[in-house]
Amino acid sequence: PGIHYFSCDLDQTNYHNYYSWEQIDREFDLVLCIEILEHLSAEKAFELVKLSSSICKPGGYILFTVPNVYTPGIQLEFTHQTAYGINDIGGLCLLSGLNIISGARIFTKSARHQIVHKYFFYWLHRLLRIDFCQSIALLLRKPELNKKL
């Protein structure tokens, strides 16, 4: 109750509330940008981070996810233009004036696969410097406006 969801997507074959960032005429408590930044050049990704911040209310939250570059094959999709490690995405967001609240690796396969990778192949992952989690999530907060005394 009390939650309103709005979507923005360039794809006009499905219904969305907005089809471009320029159409967005309100601020949100939470902005989600799931697996999008990697499809943009670094310059365009920086613009999107700033745009996400501009439509977020002061004190509001933004969640970005990107493919984990340390997972073999994850960056091979032909539509991916820029690869982001956890430090890269964090730096991009800090440059935009956002505060990092939390970061996490996301495993999207079954619990059985997770157990196998986490407990039986941990040594191999460490040796090869690869990861079994497919994505990285970063929760950010837009700073509150300065209050005058």
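Here's a quick briefing on one strand and its pairing partners, plus the cysteines. The model is predicted, so keep that in mind as you read. Strand E4 pairs with E2 and with E3, and there are zero disulfides in the structure.

**Strand E4 and its partners**
- E4 covers residues 135-141 and is mostly covered, with five of its seven residues buried.
- One partner is strand E2, residues 56-67, which runs antiparallel to E4 over seven bridges.
- If you want a spot to look at in that pairing, Thr65 stands opposite Ala137 in E4.
- Strand E3, residues 99-106, is also paired with E4 in the antiparallel sense, over seven bridges.
- For a spot involving Asn99, look to Arg141, its bridge partner in E4.

**Cysteines**
- A disulfide is a covalent bond between the sulfur atoms of two cysteines.
- How many disulfides does the structure hold? The count is zero.
- Cys8 is in no disulfide, and the nearest cysteine sulfur, in Cys33, sits 9.5 Å away.
- The cut-off for a disulfide is a sulfur pair within 2.5 Å.
- Cys8 counts as partly exposed because its relative accessibility is 32%.
- Cys133 has 5% relative accessibility, so Cys133 counts as buried.

How values were computed
Residues are numbered from 1 along each chain as its sequence is written. This is a predicted model: local features need pLDDT of at least 70, side-chain atom pairs count only at pLDDT 80 or more; totals for chains, interfaces and linings use all residues. Side-chain values use heavy atoms; hydrogens and water are left out. Buried means under 20% relative accessible area, exposed over 50%, partly exposed in between (1.4 Å probe, protein chains only). Helices (H or I, at least four residues) and strands (E, at least two) are DSSP runs, numbered from the N terminus. Two strands pair if DSSP finds at least two bridges between them.
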